[in-house]
Amino acid sequence: MTFTSINRTELQNSQIDDKFPLNPVGVNRAVRKLVEVSLTVLSIPLCLSTLSVAQASAFNLQEASIRSINDAFSSGILTSEELTKLYLNRIAAYDSAGPRLNSIVAVNPNALDIARALDIERQTTGPRSILHGIPIVLKDNIDTFDLPTTGGSVALRGSIPSDDAFVVKQLRDAGAIVLGKTNLDEWAHGGAPGGGYSSIAGQTLNPYNFNRGPSGSSAGTGAAIAANFAVFGLGSDTGGSIRGPAASNGLVGIKPTLGLTSRDGIIPFSLTLDVAGPMARNVTDAAIALGFMTGIDPSDPVTAGSSGQFLKDYTPFLTPNALQGARIGVARDFFGRNTDIDGTIEAAITTLRSLDAEIVDSIAFPSTVLTTRAGVYK
């Protein structure tokens with residue numbers, strides 16, 4: 001890489017970026033490109049004096065998972081307070097400064113105090129669950145008693161709900177730390193070009209490519225988790241608002257069956273379709289998060305239908321041979337718009353075949369479905 005017009009501080013910052021990259025491959029290249037045109041990418045170092053060299057080498061935040069974090073907690077090389085500081089530093093360096101991803105609407109000012117209290121609790125009475133001391137972020141249409149919930153609209157600027165949404169309370173009871181709230185398409189409506197625009201926060205960038213959209217409406221959560229601002233995050237999905245950002249930001253997103261997770265405390269778009277679900281950097285973390293979100297909520301009668309159906313741990317279903325015999329259709333009507341995307345999908349199809357999935361190629365939809373699908377959604 002050739003640097004032009006870069007002072008010593010900027011060069012040091014670019015080296016920090018090599019050690020603590022914003023995201024694998026795509027983002028690092030994009031950030032370096034910004035450095036090459038003499039923009040200061042990083043003004044706050046991401047390494048902490050509280051972590052020794054040995055600790056830093058033993059724990060890799062870039063690839064951290066819920067289980068690897070718990071291993072680090074158990075071995076004593078990491079505390080929840082230190083982990084929370086690492087994520088707060090990344091938010092300050094990459095969301096508020098540097099490339100300014102603009103994925104975070106509000107940061108919890110009490111996050112470090114909560115983390116310290118959870119560290120003490122771990123030492124005295126033990127962890128509440130595998131989520132004890134795990135920082136997470138929430139889409140800003142999900143209620144939090146201690147942070148504003150705006151739905152992305154200036155109309156609700158500063159509006160703080162009286163209590164947590166049901167799914168948030170469950171996660172906090174398990175020991176998760178709500179690190180902040182994330183940007184979204186206003187009122188979770190979606191439809192903005194590229195997604196991720198709201199009147200309260202503006203446009204969220206895609207961490208992999210600043211010139212491409214992060215998809216909506218859970219764009220802020222997608223960008224934040226892709227950029228390693230928290231371990232996992234929550235989105236809400238009506239017609240693709242978890243699945244779209246997960247696809248655009250290289251994540252695993254789960255839209256649960258309606259009634260599996262409560263809608264209580266979530267600003268609605270469509271009550272017959274809305275559902276909250278997790279977004280994570282790997283399948284296991286998404287499955288773990290989902291297990292802590294399920295349950296019957298008296299405030300949401302539709303959850304009664306999940307009685308006897310929901311589980312609190314979905315990880316036993318994560319088996320390496322799960323795709324054997326699975327029939328997966330390929331809708332060719334949606335190919336041909338972008339050669340890079342087409343190539344990526346073809347590579348994925350090859351991988352699916354190698355895992356013994358049955359590929360049903362060239363699924364064709366009637367023209368009436370293709371021409372009316374947007375109207376049906378609306």
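Predicted model: local features only at pLDDT ≥ 70, side-chain atom pairs only at ≥ 80, totals over all residues.
With a relative accessibility of 48%, Asp356 counts as partly exposed.

A further feature of the backbone concerns a peptide bond: the one from Gly216 to Ser217 is cis, with omega near 0°, and Ser217 belongs to the loop between β5 (202-203) and α8 (219-226). As background to these cases, most residues other than glycine have a negative phi, and most peptide bonds are trans.

## Packing of helices α7 and α10

Helix α7, made of residues 166-173, packs with helix α10, made of residues 283-293, at an angle of about 110°, and their axes are 8 Å apart. Because angles of 65 to 115 degrees count as roughly perpendicular, the two helices α7 and α10 are described as roughly perpendicular to each other. On the α7 side the contact is made by Val167, Gln170 and Leu171, and on the α10 side by Ala289, Phe292 and Met293. Sorted by class, this contact of α7 with α10 has 5 nonpolar residues, 1 polar residue and no charged residues.

Of the 11 residues of α10, 9 are buried, so the helix is largely enclosed by the rest of the structure. The buried residues of α10 are Asp285, Ala286, Ala287, Ile288, Ala289, Leu290, Gly291, Phe292 and Met293.

## Aromatic rings and a charge over a ring

The count of aromatic pairs comes to 1. The pair is formed by Phe334 and Phe365, whose arrangement is edge-to-face, with 6.0 Å from centre to centre and 65° between the planes. Phe334 lies in the loop between β9 (327-331) and α11 (339-354), while Phe365 lies in the loop between β10 (358-363) and α12 (367-377), so the pair ties together parts that are 31 residues apart in sequence. Phe334 counts as partly exposed at 36% relative accessibility, and Phe365, at 34% relative accessibility, also counts as partly exposed.

Another ring, that of Phe335, has the charged end of Arg332 sitting over it, 4.5 Å from the ring centre.

Notes:
Residues numbered from 1 in each chain as written. Heavy atoms only, no water. Axes fitted to C-alpha atoms, helices over the stretch in contact; angles between N-to-C directions. Helix = DSSP H or I, 4+ residues; strand = E, 2+ residues; numbered from the N terminus. Parallel < 35°, antiparallel > 145°, perpendicular 65-115°, else oblique. Contact = heavy atoms within 4.5 Å. Nonpolar A, V, L, I, M, F, W, Y, C, P; charged D, E, K, R; others polar. Phe/Tyr/Trp six-rings, centres within 6.5 Å; stacked < 30°, edge-to-face > 60°. Buried < 20%, exposed > 50% of the residue type's maximum accessible area, 1.4 Å probe, protein only. Lys NZ or Arg CZ within 6 Å of the ring centre and 35° of its normal.
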